[in-house]
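Let's take a walk through this model together, from the way the chains meet down to single residues. Keep the structure open beside you as you read.

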Number of protein chains: 2
Amino acid sequence: MKPQFAPTPPEGVNIVPFVSVDHMMKLVLAVGVERFMAELAECLREDFARWALFEKAPRYASHSREGVIELMPASDGTSFGFKYVNGHPKNTKEGLQTVTAFGILSDVYTGYPVLLTEMTFLTALRTAATSALAAKCLAPKPARTMAIIGNGAQAEFQALAFKEIVGVDRLRLFDIDPYATRKCLTNLRGKGFHIATCASPEEAVEGAEIVTTVTADKQYATILTDNMVGAGIHINAIGGDCPGKTELHKDILMRSDIYVEYEPQTRIEGEIQQLPHDHPVTELWKVIADEGPGRQSADQITLFDSVGFAIEDFSALRYVKRLLRTYPLYDDLDMLADPDEPRDLYGMLMRSAG
Amino acid sequence: MKPQFAPTPPEGVNIVPFVSVDHMMKLVLAVGVERFMAELAECLREDFARWALFEKAPRYASHSREGVIELMPASDGTSFGFKYVNGHPKNTKEGLQTVTAFGILSDVYTGYPVLLTEMTFLTALRTAATSALAAKCLAPKPARTMAIIGNGAQAEFQALAFKEIVGVDRLRLFDIDPYATRKCLTNLRGKGFHIATCASPEEAVEGAEIVTTVTADKQYATILTDNMVGAGIHINAIGGDCPGKTELHKDILMRSDIYVEYEPQTRIEGEIQQLPHDHPVTELWKVIADEGPGRQSADQITLFDSVGFAIEDFSALRYVKRLLRTYPLYDDLDMLADPDEPRDLYGMLMRSAG
């Protein structure tokens, strides 16, 4: 039955490498957390520098009373990536993760997926690497002291990325829940930080060149008020990332030079949802590609209003795909039907019975 | 470290059942191809009947010179499903599938995925089941003879779905490539059909109450011209499913009562892209929910302008999820990070080293 003109498919093209949670942890530990984020930041830098050529869209978001499920696609014309990610603040109370994620990288030429990976860890790593990359461009120099307000799942990754990429070695921690701060303190012991645990956000920001806000409430919150923010600092605002979820008082925004990932998405999801739609912001890629202004004076307040964008996940996916060449920490998934003759799907099914 | 208020996560919630291609084939064979499509058509009927409550959006499509990669999400408020699917007509020449797909079903309440499955086979099955469901509502009765123009990967599934669901037992096959027709004929031997192989589309449509067009060219093609289509038939137009890809002459559309899945998407992708944007069409769910007219006279031409919609994939995903209770044909994937304490993702990573 097989006609002469049907070529043999490339070996194994129907098999998709799958990086499980267990394999991702082994991969990160094999590379080292800090080196992983530094190399990932380099991939991010490359992709921010060629930002204009990416196919971009605001994420697809399916909102419910309990949370949101999102699909975040991006393509550079050669590879196509997307992340599935949920955000359910109430999950924590049920022993579940607020955010879980997985992602796919595909070959644009064939349309075939070439990687499936867990992305709960990978998102934590890319978020921190992106924050540190932005701070390297925007924070005052040197910047050795960082306040971290919100000491949940993202806090340690932020700390380590900023140490490796920016040179931060003094942390000032605050969380409304002292348990979270203790957890963070314990986890970062022996990592080369001087760490102060603080009783209030006001105390945390004292003397910090960088202030990272990374809280998780799904509501308008005011983690930082205007009087807490002095001249010359860099604010790394991570926690406000969906409609109705912000962390900074509007007056801080008015005093800051604001940097965003992808303006159309950040207008909806970021701190700047509090501002008029024509308030000027700069997309971060412009600073990285030398097409826009970074920090220009010592007393300027720079603000990275980060919501997380699909290109960052794309960078993370292609970095992991590259790592698998050196570290074969994956399983093979039989995910794509691969009949000998593409038009004979039904025949493949029937022959599988025999 | 673990605080008292962190409850234990539900057992196994971080593990996602994965239906591989091999398991899908075993599942379909265990249920039986015809019964599988009949039960799936019943799930489709249920979901079409409650169409209005679904969250709907035109698919996200990433086009390239070689093809398209699409994400097709849908939610009923309890479950969220999406399909990844590519369409690369040139793949066939390279021994690859034109269309491959996989899908995810998630729990809206937690945001956690509950099923990952191959969907190359499943899409073939749901496309045929949807066609047959539409024909059961719209075709003249009885309809025993169907022309199938285009005898590729979808043809046998169409034939078997129409036999099981509509009562078709006479087929008239045509393809520009005689190999495809021979393949189809061989595969359908012993399935209870009387089959005529035809030398032209004109010959194929002779005496057919139902005409199925399911060709694969990515260009404006005219598979059916106006003079070929007599009164009283039902046209099941499957192949035209993206901008620039149509199968029917415009004059046929002008003489037909046109039924679509989701009007905003079909205006872009379906046969009706050839028509003015206000040309009247009826969404199929209205016929199924008794909210719109079906066939009203014996000489009416009904046309199902099918492009495939996300809710159909949703129906297929929930059907497969249900089947897994009876047929445990899946693997467990460690896809979601599940720390003992949700805020201690970094601690989970560190402890995994020990």
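## How the two chains meet

Two residues are counted as in contact if their C-beta atoms, placed from the backbone, lie within 7 Å. By that rule, 75 residues from chain A and 75 residues from chain B make up the contact. On the side of chain A that touches chain B, helix α11 (residues 345-352) of chain A gives the most, with six residues. Helices here are DSSP runs of H or I with at least four residues, strands are runs of E with at least two, and both are numbered from the N terminus. Sorted by class, that side of chain A holds 41 nonpolar, 24 polar and ten charged residues. Nonpolar covers Ala, Val, Leu, Ile, Met, Phe, Trp, Tyr, Cys and Pro, charged covers Asp, Glu, Lys and Arg, and the others, Gly among them, count as polar.

This is a predicted model, in which local features need pLDDT of at least 70, side-chain atom pairs count only at pLDDT 80 or more, and totals for chains, interfaces and linings use all residues. Residues are numbered from 1 along each chain as its sequence is written, while chains are lettered from A and ligands numbered from 1 in the order in which they are written.

## Two domains in chain A

An automatic or database domain assignment supplies the domain bounds. For chain A it gives domain 1 (15-121 + 311-337) and domain 2 (140-308). Taken over C-alpha atoms, the centres of these domains of chain A are 23 Å apart. Their contact takes 17 residues from domain 1 of chain A and 18 residues from domain 2 of chain A. Helix α2 (residues 33-49) of chain A gives the most to the domain 1 side, with eight residues. That side of domain 1 of chain A has ten nonpolar, two polar and five charged residues.

## A sheet in chain B

In chain B, seven strands form an open, mixed sheet in the order β2-β3-β4-β5-β6-β1-β17. β2 (60-63) and β17 (331-334) of chain B stand at the edges with a single partner strand each, so one side of each has no neighbour in the sheet. Strands pair if DSSP finds at least two bridges between them. Further in, β1 (residues 15-19) and β6 (residues 113-118) of chain B pair in the parallel sense over two bridges, and B:Phe18 has B:Leu116 in β6(B) as its bridge partner.

## Buried and exposed spots

A residue is buried if 20 or more other C-beta atoms lie within 10 Å of its own, exposed if 12 or fewer, and partly exposed in between, with C-beta atoms placed from the backbone. Helix α4 (residues 155-165) of chain A has eleven of its eleven residues buried, so the rest of the structure largely encloses it. Among them are A:Phe157, A:Lys163 and A:Glu164.

A:Gly244 lies in the loop between β12 (234-237) and β13 (246-248) of chain A. A:Gly244 is exposed, with 12 other C-beta atoms within 10 Å.
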